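The following paragraphs lead the reader through one protein model. Please keep the sequence and the structure in view while reading.

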Amino acid sequence: MPQISAAVAIAPHSPLEPMELALAEPRGMEILVRTRASGICHTDLIIRDSDFGAPLPAVLGHEGAGIVEAVGDAVRDVEPGDHVLLTQASCGHCNTCRQAHPMNCENFARYNISGKRANGEHPFDGRISGGVGGQSSFATHMLAYDTNAVILPRDYPFEWAAALSCGVTTGASSVLRVLTPSAGSTFVVIGAGAVGLGALMAAHVAGCSTIIAIDLLGDRRNLALELGATHVLDGADPDLAATIIEITRGGADFLVDAVGLPGTTADAVQSLRPGGHAILLGAAGVGQRAPIDIMALLFNRKIQGATLGDQVPHSTIPALISLQRQGRFPFEKLLTFYPFGEINAAIHDMEAGRAIKPVLLFD
Ligand SMILES: [Zn+2]
Ligand SMILES: [Zn+2]
C-alpha cells in the first residue's frame with residue numbers, strides 16, 4: 001500500500017492536520033495518481049463545516065492533477081505515466097451517463113461524497129474518509145477512476161489544469177453547454193469568484209455584447225472588467241434588478257447566480273427579460289429557501305440548477321484548454337499558488353477573499 005502524506009479535516013472550522021496514511025492499491029476501474037497540483041474549492045469547506053458529504057475526519061480536495069502511477073485491471077483509457085486532471089467521478093454506465101450528462105450520474109453520491117471508494121471499501125482505513133470528488137486531492141497521492149481522469153497534453157502545466165477541475169469549468173460549462181447564448185446576447189453574472197468569472201469569460205467567448213458582473217469587492221469588479229465585462233455593479237446596490245433592467249433595456253437574456261443566497265436568487269429572477277434564462281450555481285447551504293416572484297416566472301422566464309455546469313469533462317475541459325492557449329479564456333489570472341504545506345494559509349486567504357482560486361503545488 002502506498003504511504004502518503006495528507007492534510008486531514010478533523011473538525012468544522014478548524015485547520016487541517018498533516019498525517020501519514022496508507023492508501024489502498026487501485027483495483028478494477030481505479031487509478032493511482034501522484035498529485036502535482038490541487039485547487040481548493042468552497043465545497044471542500046462546506047464538507048468540512050457541515051453534515052454535507054463525507055463524514056469527518058476526512059481527506060478533502062476535488063481539484064487534483066498529477067501523474068498516473070498505477071491502474072486497476074479493468075482500466076482501458078489511462079496508463080501509468082499519463083498526465084491527468086481529475087474531475088468529479090461518474091459510473092459511466094447508468095442511464096444519465098449514457099445520455100452524456102455524467103454530472104447527473106445516478107451513482108454520483110457513491111463515487112464522490114460517500115467518504116468511501118465506489119466499491120464500498122475504505123480508501124485509507126476505517127477511521128478516515130476519502131474518495132472526495134472521486135479523488136481526495138489534499139494528499140500526495142489520489143485514488144481515482146478512469147472515468148474522472150482527463151488526459152492532459154504533456155506540456156500543459158499541472159497548476160493550471162487543477163483549476164479546471166471544478167469551479168472555473170462549472171461556470172464556463174453553464175454558459176457554453178446549458179445557456180448557449182447567441183452572439184449579441186445580454187448576460188449577467190452575480191458573484192465574481194472562480195465560478196462567476198469562469199461564466200463571464202465563457203459569455204465573452206460566446207459573443208455576448210453586454211456583460212454585467214456584480215460583486216461586493218472592488219478588486220474583483222476590476223478583474224471582471226479586464227476579463228470582458230462591459231459593466232460592473234456593486235453587490236451592495238439595493239436596486240440591482242432595476243439597474244440591470246435599465247442597462248439591458250428590459251432585462252437580461254441570460255444570467256448566472258454564482259452566489260446562491262436567497263436575495264441573489266430573487267434578484268436573478270427579477271433581472272431577466274420575459275423568456276430570459278438563469279442558472280443558479282451558488283451553494284447556499286442545505287435547507288435555504290428563496291423568495292421568488294411567481295408572477296415573473298409566468299412570463300416564460302426560466303431558472304434552473306446545473307451540477308458542475310452539466311459539463312462532459314472529456315470534451316469540455318480540452319475545449320477550455322484550447323481557448324486559454326489562444327488567449328480567449330485567461331483563467332490563469334484567477335490563480336494564487338501555495339506549497340501543499342501551506343494549505344491552511346491558502347484556505348484562510350480564500351475565506352478572507354484574498355485569493356479567488358488557491359492552487360496547491362506538490363513536489
Ligand atoms: Zn468544487
Ligand atoms: Zn452514471
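How many nonpolar, polar and charged residues does the lining of the largest cavity have, by class? The model is a predicted one, in which local features need pLDDT of at least 70, side-chain atom pairs count only at pLDDT 80 or more, and totals for chains, interfaces and linings use all residues. Residues are numbered from 1 along each chain as its sequence is written, chains are lettered from A and ligands numbered from 1 in the order in which they are written, and side-chain values use heavy atoms, with hydrogens and water left out.

The lining of the largest cavity has nine nonpolar, six polar and two charged residues. In this classification Ala, Val, Leu, Ile, Met, Phe, Trp, Tyr, Cys and Pro are nonpolar, Asp, Glu, Lys and Arg are charged, and the others, Gly among them, are polar. A cavity is a set of points, on a 1 Å grid over the protein atoms alone, where a 1.4 Å probe fits but cannot get out; a pocket is an open set with protein on both sides within 12 Å along at least five of seven lines, and lining residues have an atom within 4 Å of a point. Grid points are joined across faces, edges and corners, and a volume is the space filled by probe spheres set on the points.

The structure holds one cavity of 30 Å³ or more. The largest cavity contains about 90 Å³ of space. Of its 17 lining residues, Arg117, Pro123, Gly131, Gln135 and Leu143 lie nearest the centre. Strand S7 (residues 141–145) gives the largest share of this lining, five residues. Strands (E, at least two residues) and helices (H or I, at least four) are DSSP runs numbered from the N terminus.

The second largest pocket has a volume of about 160 Å³. Its lining includes Ser90, Gly92, Cys97, Thr147 and His314. By class, six residues of this lining are nonpolar, four are polar and none is charged.

Cysteine 91 is placed in the loop between strand S6 (83–86) and helix H2 (95–98). Its relative accessibility is 8%, so cysteine 91 counts as buried (under 20% relative accessible area, with exposed over 50% and partly exposed in between, for a 1.4 Å probe and protein chains only). Apart from neighbours within four places in sequence, cysteine 91 is in contact with Cys97, Cys105, Asn107, Tyr111 and Thr147, where contact means heavy atoms within 4.5 Å.

S1 pairs with strand S2 (residues 17–22) in the antiparallel sense over six bridges; two strands pair if DSSP finds at least two bridges between them. Alanine 7 has proline 18 in S2 as its bridge partner. S1 also pairs with strand S4 (residues 58–59), antiparallel and over two bridges, and valine 8 stands opposite valine 59 in S4. The three strands form an open sheet in the order S2-S1-S4. S2 and S4 stand at the edges with a single partner strand each, so one side of each is left without a neighbour in the sheet.
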